[in-house]
Amino acid sequence: MKVIRTLVRKEFVELRILGLIAAVVLCAQAAFLPPVYGHLGRAFDGMDLSGMPGHLAEALRSVLMSFRAYAWSQWYGKNLTQVLLVFTVLFSSAGLAREAARGTGEFLFSRPVARETVYAVKTGVGFGLLFLLTVGSTLLFIVVARLAGHDLPAGWFLSGLPASLAGMALFYALAAALQARACEPFRALGLSVGVIALSGLPALFEATRAYSPLYRMFGSGAAPGTVDWWGAAVLLAGAALAYALGRRFAAGREF
Amino acid sequence: MKYAIEAKGLVKRHGSVRALAGLDLIVPEGSVFGLLGPNGAGKTTALKGLLGLARFDAGTVSVLGVDAADPRRSLELRARVGYASSDMSLFGFLTVDDHIELCRGLYPSWDQGLVQRGLDLFALPRRRKAGALSRGMRGQLGLILALGPRPALLMLDEPTAGLDPLMRRAFLSVLLGEVAARGGTVLMASHQLTEVERTCDRVAIIHRGRAVASGGLDELKLTRKQVRVVLPEGSDINLAALPGVVSVARAGHGFALHVSDGGIGVAEALGRVSGAIVDTEALTLEDIFCTEVGRETP
């Protein structure tokens with residue numbers, strides 16, 4: 001336990017600046033999105049939708065005139081997920097490839113500590129920080145929405161979190177595995193971005209949309225206010241596989 | 001005699017390059033052992049493999065009685081080995097104290113009193129981040145961290161690179177004082193031949209991934225000698241074929257022979273040649289090193 005505590009502390013120190021930036025970005029979004037809705041609603045009220053097909057105008061009206069639909073689509077379907085994807089890649093870049101590239105891997109692994117332990121701690125601390133920031137900023141969103149006088153039940157809104165967090169787990173595990181395998185951190189970072197982009201390809205087609213991890217992570221796998229249990233379960237299973245693969249890469253890595 | 005390291009036929013490839021090509025290495029317990037070799041000879045690869053940072057492609061290796069090639073016993077081994085390298089980076093965002101805390105948490109046998117003495121001796125700024133330390137200070141911190149767990153075996157890769165001569169001496173005196181007091185073993189890879197000559201009792205010279213000479217330093221100096229020979233006019237003796245001769249070079253009117261038997265073979269063979277002048281000289285470690293790796297000193 002002493003070894004784990006020591007490594008966790010080191011990872012926290014390493015990620016503190018990035019964690020602070022992520023906290024500021026997520027909290028700023030959570031604090032500003034609910035009040036912005038009032039301005040959007042007023043702008044929409046005066047908008048001429050006569051040139052738009054009736055069903056589209058109705059759909060748009062229903063999204064914008066309902067704060068719940070606005071909150072769901074803006075938070076899970078846009079802001080939170082985009083920020084999470086960016087920080088998932090950035091957090092995971094503090095992985096084994098960086099330790100190897102800057103020479104600290106030699107320092108670390110010449111001590112009595114297993115590569116698998118370091119890999120687990122690195123992945124756990126980075127994911128844990130993002131997990132806490134995600135949950136915290138989502139709760140902040142609910143609090144700010146209520147302070148602004150909107151009706152947003154906590155249970156209803158939090159039901160988007162499982163798919164979002166499971167998607168983050170999958171992409172974090174994939175990015176960490178690439179960091180454990182690659183000889184150079186920027187190459188791993190580029191590969192991670194590529195993997196995320198590829199995972200969004202099925203979402204471009206109606207028939208395959210439901211199989212896209214990104215689509216599920218964006219909260220589109222289930223109706224707003226319901227938990228996408230299947231999506232979350234599959235994403236978590238993918239994350240577990242990616243983690244196991246990364247652990248194997250880490251164990252066989254030379255420094 | 002017990003051995004801290006027994007390695008036989010170590011091979012390590014980096015792609016198509018053979019960094020180690022059958023290295024044999026025997027390091028007796030309690031010795032201060034110098035690992036010498038030109039750039040790219042395989043010294044760093046050997047140390048990293050012994051420590052489990054890299055895996056050998058072939059060969060057998062036992063370090064402190066533990067099979068170093070067995071990943072399951074790697075932690076047990078690393079808990080008893082201290083390692084410092086001039087290339088090894090510290091964490092730039094951690095302070096001196098943070099590094100000590102980090103290592104303290106990783107070793108079961110951490111000696112904080114010893115570390116404190118090292119900090120006092122080198123007067124390291126404990127709250128300064130490693131990224132802001134000079135190269136010399138980073139080397140000193142690396143040595144303190146390597147000594148902290150009171151290792152049975154201390155492996156050092158170019159430990160004094162970048163240090164001025166005064167600091168180098170202070171560094172080595174701390175090192176030898178601490179390790180010798182406990183009967184520990186030191187394996188030191190270095191380019192600083194005078195430093196190795198002053199501190200080590202045994203050496204191995206490696207070249208192209210193989211040990212080309214090894215043994216006690218005194219024994220090497222006793223056997224590796226230079227013999228100056230002037231032959232009588234018209235003599236057609238093939239000096240390179242004489243017993244013990246490693247290399248032959250022209251030197252003024254005669255020849256400079258490097259021998260591996262203390263000059264006994266040459267003296268006996270040329271003792272029967274009338275008019276031949278034979279003069280045996282001692283070699284420095286640098287002379288021996290240059291001869292063994294196939295390069296002549298100017």
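**Notebook: a two-chain predicted model**

I first read chain A along its sequence and noted the pattern α-α-α-α-α-α-α-α-α-α-α. This comes to eleven helices and zero strands. Helices (H or I, at least four residues) and strands (E, at least two) are DSSP runs, numbered from the N terminus. I worked on a predicted model, in which local features need pLDDT of at least 70, side-chain atom pairs count only at pLDDT 80 or more, and totals for chains, interfaces and linings use all residues. Residues are numbered from 1 along each chain as its sequence is written, while chains are lettered from A and ligands numbered from 1 in the order in which they are written.

**Entry 1: the chains**

I looked up the extent of each chain along its principal axes. The C-alpha atoms of chain A fill a box of roughly 70 × 40 × 30 Å, and the C-alpha trace of chain B spans about 75 × 40 × 35 Å. Chain B has ten helices and 14 strands.

I then noted burial; a residue is buried if 20 or more other C-beta atoms lie within 10 Å of its own, exposed if 12 or fewer, and partly exposed in between, with C-beta atoms placed from the backbone. Of the 255 residues in chain A, 44% are buried; of the 298 residues in chain B, 43% are buried.

For contacts, I required the C-beta atoms of two residues, placed from the backbone, to lie within 7 Å. Among contacts with a separation of 6 or more, residues 24 or more positions apart account for 79% in chain A and for 68% in chain B.

**Entry 2: the nonpolar cores**

I took a nonpolar core as a set of buried Ala, Val, Leu, Ile, Met, Phe, Trp, Tyr and Cys residues joined through C-beta atoms within 7 Å. The largest has 140 residues, and A:Ala169, A:Ala173 and B:Met155 have the most contacts inside it. Helix α8 of chain A (residues 161–181) gives this core its largest share, 16 residues. I also recorded a second, separate core of eight residues, including B:Val229 and B:Leu242.

Beyond its neighbours within four places in sequence, B:Met155 contacts B:Leu47, B:Leu50, B:Leu51, B:Val81, B:Tyr83 and B:Leu187.

**Entry 3: α3(A) against α8(A)**

Helix α3 (residues 67–92) of chain A packs with α8(A) at an angle of about 25°, their axes 9 Å apart. Axes are lines fitted to C-alpha atoms, for helices over the stretch in contact, and angles run from 0 to 180 degrees between N-to-C directions. The two helices therefore count as roughly parallel (angles under 35 degrees; over 145 is roughly antiparallel, 65 to 115 roughly perpendicular, the rest oblique).

I listed the residues of α3(A) in this contact, among them A:Tyr76, A:Leu80 and A:Leu84; those of α8(A) include A:Met168, A:Phe171 and A:Tyr172. The contact divides into ten nonpolar, five polar and no charged residues. Here Ala, Val, Leu, Ile, Met, Phe, Trp, Tyr, Cys and Pro count as nonpolar, Asp, Glu, Lys and Arg as charged, and the others, Gly among them, as polar.

**Entry 4: where the chains meet**

The contact takes 21 residues from chain B and 20 residues from chain A. On the side of chain B, α2 (74–78), β6 (81–85) and α3 (96–106) give two or more residues. The largest share, four residues, comes from α3(B). I found 15 nonpolar, three polar and three charged residues on that side.

**Entry 5: B:Leu90**

B:Leu90 lies in the loop between β6 and α3 of chain B. It counts as buried because it has 23 C-beta neighbours inside 10 Å. Not counting residues up to four places away in sequence, B:Leu90 touches A:Phe107, B:His99, B:Ala130, B:Arg138 and B:Leu141.
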